[in-house]
Amino acid sequence: AGYRSSTQPTEATVCERSLDRPEVLGIAPPPSLRKRLSVNAPSSEVVLHLNGITKRFGPLLANDQITLKLHRGEVLALLGENGAGKTTLMNILYGHYVADAGDLRVFGQVLEPGSPAAALQCGLGMVHQHFTLADNLSVLDNITLGTTPLWHWSLRHREASRKVRELGERFGLKVDPRARVGDLSVGERQRVEILKALYRDARVLILDEPTAVLTPQETESFFQTLRQLVENGLSLIFISHKLPEVLAISDRIAVLRDGRLVLEVPREEASEASLATAMVGRELALPQRKPSTPGDPVLELQQVSVNGPDGQRLLRSLSFQVCSGEIVGIAGVSGNGQRALADLISGLHTPHSGTLRLHGKVLERFHPRNMLEQQVGRIPEDRHVQGVVPDMTLAENAISEVYGKPPFSRSGWLNFGARQQFTEQLVQRFDVRGVQARAPIRQLSGGNMQKLILGRVLTQDPRLILANQPGRGLDVGAATYVQEQLLEARNGGAGVLLITEDLEELLRIADRVLVIHRGRLTEAGSAHDLSPTRLGLLMAGQQEASPHAA
């Protein structure tokens, strides 16, 4: 794909990119997580200029006259609630959408609209929140995929492998090019994603929630890598909902709300409170956990093991309990058995051995319907796949777990009036915004979809709530709301099993914390006495406490 502008520059003058240029990229000593990412002030050179970007989708104004500049060697943090317009803006920048008004300039030249190839050619790279890697391919294959014609692959394989190794050595991203991606840790996969962008000579890197699945130790190592990248010229756009991280690494912070740029300040002039207020448009008080006295156990596991379809052991001799009036948090790096535990509590898995009790009685029949009948409420990990049916209406999803019960059904006939009334009450009570009851639920933002799922669960007065990654991908306002509702349910006598990779969320609302590693549980203790560092060590399996496994 060619690059065109009003002055018709050549590819060499517009998209000149060379990782061998020391003024573009360089190496610096690693910092601590809480130290500033940028030691030197960013250059005055503007590498990216978004000028008056406006985008409409029918009556919805997604972006309204947004103007932003990014300088060489600068870290610009981009914040906003779910649905504030961040994704639309990045899609315009990357060529997936075409703006209705405004223009984009990269290194002083107008970027061809609607052309992802032109964006890549001119040095724009993006690391997505959910890794876009093929697990069955090698690191090298993932990095070079789409960059080399098939008939030249064997001739360039050695050269590509050498370049990947050099980039890894130079920027602290060491990964074996021959390793299979499916065998890598989460942190190593993050390195592969960054290497993909650097291999294509990116000079402007967009990072979308890059620390969402990392432990505190992996996050610190990742920030060291970012410092090495920005020290001598790489420019970053850092999209995150984690305000402490934003304040730790950014030079400048921009906040979008309702499609408009409402705040743009140097990092030194910002605080967590001011950023949260700018994002939601009002002062936001974080939820406070108050001491409680747990009641009788609502969930008990005794030496429970679970096998996968291939016979692989997913959970190993788990023994723990959740009592009424308490929140028990499960911390762990993704892929260590959380999904199997959630599927077990949801009735999708049957234990290979051991005993599971609900409300003091041994559970014999493992089926989702039976779990609902046992007053188990479920907030699933993936709201789009497991939580809702995207093409069904908001009202249909609202009653999807109770549609066979009165007053929604009588003698096999659905009561549409009761469904409509229930949905309107749920929408009002849980502040679900975005679409009407008869509209497809896929039109909701992530935060509002999560509110609907939460409301669907809580209106049934469950005795046990499985909250699996309830704050994942939510902005600070939506996440705070979800946490407040879980605390209110706990204060009302429900037992909550909270599975999350967000340590701030865990330490804020959990009473007790267990850590899962390779299918085994370790008792970490009271959340009040824990630190992220201590939890991070347990999550990585580097420190033992009181094991809950044989």
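This is a predicted model: local features need pLDDT of at least 70, side-chain atom pairs count only at pLDDT 80 or more; totals for chains, interfaces and linings use all residues.
I began with the strand pairs (two strands pair if DSSP finds at least two bridges between them): strand 3 (residues 75–80) runs parallel to strand 8 over 4 bridges. Here Leu78 sits opposite Ile239 of strand 8.

Residues are numbered from 1 along each chain as its sequence is written, and side-chain values use heavy atoms, with hydrogens and water left out.

Next I checked strand 7 (residues 204–208), which pairs with strand 8 in the parallel sense over 5 bridges. Ile206 stands opposite Ile237 in strand 8. Strands (E, at least two residues) and helices (H or I, at least four) are DSSP runs, numbered from the N terminus.

I then looked at burial (buried means under 20% relative accessible area, with a 1.4 Å probe and protein chains only). In strand 8 (residues 235–239), 5 of the 5 residues are buried, so the strand is largely enclosed by the rest of the structure. One side carries Ser235, Ile237 and Ile239, the other Leu236 and Phe238.

Helix 10 (residues 338–346) came next: 8 of its 9 residues are buried, including Leu341, Asp343 and Ile345. Just after helix 10, I found Gly347 with a positive phi of about 90°.

Last, I asked which residues Ile379 touches beyond four places in sequence. Its contacts (heavy atoms within 4.5 Å) include Gln450, Ile465, Pro470 and Leu486.

Terms used: Buried means under 20% relative accessible area, exposed over 50%, partly exposed in between (1.4 Å probe, protein chains only).
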